[in-house]
Amino acid sequence: MKEVIDMSGEILLKSGTSNLQLAKELGDYIKTNFKNEDLVFRPIPIITPNKAQHNWLKEQLAVNLGFIANLEHHSLNSFFKQIFDELFPKRKDLPGKGRLVWDLFSALNNEEFKKDFPKIAEYCGSDEIKRLALAQKLAGLFGEYEQYKPELLKSWKEKKEDTTNPDQAWQAGLYRLSGFDKHLITASEFEEGLAKNPEILTNYKEIFLFGDLSFSPLQLQYLDVIKRASEIIVHIFRANIKMNKENPLVQTWGKLGQKASEDLQKLGLLTEAEYELAYPKTDLQKVRQEMLKSEDAGELEGDESLLIYNSFTKLREVEALYNYLVKTVDSVNKAKGKLGARDIAVYVPQLDPYIPAIKTVFDTAPHKFPYTLVSKGFSREEGFWSALEQVLDFEEEHFTAPAVFNLLECAPIQKSFGFSSELDLLRKAFLEANIRREYKGKEDYETQYVSFSYGLERLIYGFCLGDETPVEIEDRKIHPVDIFEGAMAQDLFRLHHLVEKLQELLEKKQVHRSATDWHELLMQLAEDFLSPEDWQEQRFNDLMQNIVSLETSDEKIAFKTFYHRLKDHLQQQDIQQISGGGGIIFSGLYPGQSMPKKVVAFLGLNFKEFPQKSQNISFDLLSEEDRLASGDADRGAFLQAFINAEEKVLLSYIGQNVKDNSEIPSSSIISELQDYAEKKGRKVKEVKHALHSYNSKYFKEGEKDYFTYLIGKDSKLNIDKKEKEALKKPEEIQLFSFESFLKDPFKHYYRKVLGVYYEDDVNLPDWEMFEPNNLEKWKITSSVLNQNLESVKDLEEQRKIFLNQGIIPLKTPGEVLVKDSRRKVELLTEKLQEISSEEISEVEFELPFYLEETGNHILKCKLPMLGGQGLYLSVSKLKSKYKLAGYLRYLVLVAGGKTDKLNYVHLQDDGEQALVISYSGLVTQEQARQTLRDWLSLYLNNFEKIQPFSPELDLSMENMDLKNDDFRKVIDRKFDSSYSFPSEYLRTEHRDGFFEKEDNLDDFKTNFKLIMEPVELANPK
């Protein structure tokens, strides 16, 4: 029997105002008390809340010490596990708790258990996912019981549970049946083990606990055992443990910190230390000081050290953040200060949904910031795990163009299959070959015309034959699509290989297998689709080994059941760096995660999302007194990050509805801060951002709150350059560009001046067309017209052409549409025959103009003619913008001396007949030139600022005589009307208050009269 040696250690507390200060003091302590050889050959256990905090601390110690070696990182649980594995060697042979979930899953299906507890059996039924979800939830609860109520599990282990409590009875049975009971080590067992083997702790002379650690009751008991049973000195370095309990923000946000203070008191440590704080100069420093000390720091000044951003979407939040950071760094450095990317941290309660926006903005922005992503568990960042998730998530309903193209855009898949990095040609191939959904489709429904197999066949025949002439193959007519040439065709065949692999994947997922068999298959799938590097394959295998072993239940389960378990396991991984190296930290918001930074920003402080509400489980045996609610933990994490901010804090949330512009309330965190600030003198400034970063107000000189550094030449970093370029008016003007301006000056300004191109639908279509809208019907009729002007085609042939192009619905609805379009086109062509039997020709010429403000310009014109007269042929009904286009062409022909007549051929409103409007003898050549000169002046001024006008709103001349208040109401009604189709550019300006300004309304009326008055006079009522 080993002699029991009476030993007694110490637990020492070192507190300060910040972790930065404490990191320096820890480095000084190590430098003073450890010899160089100790730092090399003797491990220094440092326990931190997570890996990210550990990495930060390691960097700080390296700066202080000049080097760092043998720094042994632990969480509290991993540190104690390491000791227990040495103290109780048999524990190493026990399956990990991750694997025990499968034993718990099987135990729930145990016949004896189901007989004893029929209600639980009835709840699970035959639903594997429900049974697995319950097993996972129970495994999590068992882990929490172990930490917060170890005495409860001890009674279960000894079969002394309270059988009068139904929830305790069935959980205790499963606890033993699944093998979880073998993992419990109570404080008394730990103490007994150390008494027998005191040498286990001889390698540890000193242990360092650093950061905002939270202690469970069991961990506190373990620390107390170490203190009493050894000579180990436990050092705790903790910031800001003493706060002003009377402060309303501390009362609301500080329950996590209060619990930490109480935990330290349980270890016999005093936490009443006062801090010396510098005199507060900014609003942020005043708020922080009042949290830490019971002193009034004075009224707030509104100096923007605290700022709130209100945006429409996650992407806009990140864009606004980027602009804020560029401006902040630029202004600090211009003021001879020092602020770099490493001085900035951005915290997001739910980081994963923001990662695509972060990458989109920060990877493509003109001014680069290095950055690092830090997340908890599995994260959907661009990489192996993201690609693996997309592959394993793929189901039959995902066999669509967008879903497959999303796979193509994953870097690991691109690399594995050998795709080129430029995917624009493949995107075009999807559109040209009308690939929309399904692997093969069904001939009965004609869905083969939109399938992957048929579309790829058309592309391959197009490449092999070198043209698009239809070919007969096995009684089928195929319309080849020829867009690939030479080496570019390799991507086509790689796409074919990927599609075949996806179909095989779907077939394999239909089979039920054991968890071990699914493990093997998933490893093979990872190899087939991702070709992982050795370290990725090893890490994936290690993760799988934590949840699957040869001893795992051999029960045959569906793929979705196994995959559900894998994703849950990945989510439980520790907080860790997942992408990047240095620079700005983008991190999830977790307790113990924050570090001292000069600038701290919070994204996603959204209503109902943060703080999270605790989800109480009916069979949870822990009470609110046993553990902190999730909402209090979230508030505590926010408080830790807020206190760590030294100079500036930005709080951002989604506060505007993207559909109807209605307001969405912010997180209670923001409203609580606003209430506090209002009592201190003034509210924190809140900036409401526009829906789009290219809104014109971001480019206006003198705007303090609205600015952008994202759009190249239009960035406010280059205001002078922007103004000079705006003054450069084009000398040569194409007629189609001039016409586009007249149809929509707002769109013209965004595209030509701001360089912004808004696309209504950037996604690939994923369904065959069902009910075409008016624009799509117009395209069909226009296509029929263009084809029939060349040569009249058979109805069925024309329908098959349109089916292959994907512009009509399948089966009978498409046939009806083609018939209707042919009928309308025949009406138009009959009118053309009435005008002249000649062929349509073209005339090309130039019109020179001189304007006093801008000098010489040339209008370059190219127009159709029929029988020596101008022709404007439209498959649309009579609308203002088409009347304007027809009259513009008439003016150009008269001004150029080409003809004095133009025939505008269009459909009647009901589409039952075609009509001809003849413009003839309306103006002289000089009058035509003067009207064009006036319109050109507006066109050129539009390069400086938007010249308000729109024929798309279908306003009348009578509207121009209304007072501005009444005229504004008319415009607002037009935007709400289903008969008005303003562009997104015009909608953006309307939404952001363009028509609230009197000057813009006055200019609109003036421009409307200048342009539309002669047009209206030229057209019959």
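Predicted model: local features only at pLDDT ≥ 70, side-chain atom pairs only at ≥ 80, totals over all residues.
Figure 1. Within H9, which spans residues 150-157, the buried positions are Pro-150, Leu-152, Leu-153, Ser-155 and Trp-156. Just beyond the helix, Lys-159 adopts a positive phi of about 60°.

Figure 2. Helix H22 comprises 14 residues, 452-465. From first to last C-alpha, H22 reaches 20 Å, close to the 20 Å expected at 1.5 Å a residue. Just after the helix, Gly-466 has a positive phi of about 80°.

**Figure 3. Buried residues of helix H22 and their cover.** Phe-452, Tyr-454, Gly-455, Leu-456, Arg-458, Leu-459 and Gly-462 are the buried residues of H22. Their cover includes helix H19 (401-408), helix H21 (424-432), helix H23 (489-508) and helix H33 (795-805), together with strand S10 (476-478).

**Figure 4. Salt bridge between Arg-476 and Glu-457.** The side chains of Arg-476 and Glu-457 form a salt bridge, with an N to O distance of 2.8 Å. This pair links distant parts of the chain, 19 residues apart: Arg-476 belongs to strand S10 and Glu-457 to helix H22. Arg-476 is partly exposed, at 32% relative accessibility.

**Figure 5. Salt bridge between Lys-114 and Glu-111 in helix H6.** The two side chains meet in a salt bridge at 3.5 Å, N to O. Lys-114 and Glu-111 are separated by about one helical turn because they lie 3 residues apart in H6 (residues 111-116). In an α-helix there are 3.6 residues a turn, so residues three or four places apart point the same way. Lys-114 is partly exposed, with 23% relative accessibility, whereas Glu-111 is exposed, with a relative accessible area of 59%.

**Figure 6. Salt bridge between Arg-627 and Glu-144.** A salt bridge joins the side chains of Arg-627 and Glu-144 at 2.2 Å, N to O. The partners lie in distant parts of the chain, 483 residues apart. Arg-627 is in the loop between strand S13 (597-602) and helix H27 (630-643), and Glu-144 is in helix H8. Glu-144 is partly exposed, with a relative accessible area of 30%.

**Figure 7. A network of salt bridges.** Glu-304, Lys-685, Lys-704 and Asp-705 are linked in a salt-bridge network. The structure holds 49 salt bridges.

Terms used: Residues numbered from 1 in each chain as written. Heavy atoms only, no water. Buried < 20%, exposed > 50% of the residue type's maximum accessible area, 1.4 Å probe, protein only. Helix = DSSP H or I, 4+ residues; strand = E, 2+ residues; numbered from the N terminus. Expected span 1.5 Å × (residues − 1). Contact = heavy atoms within 4.5 Å. Salt bridge = Lys/Arg side-chain N within 4 Å of Asp/Glu carboxyl O.
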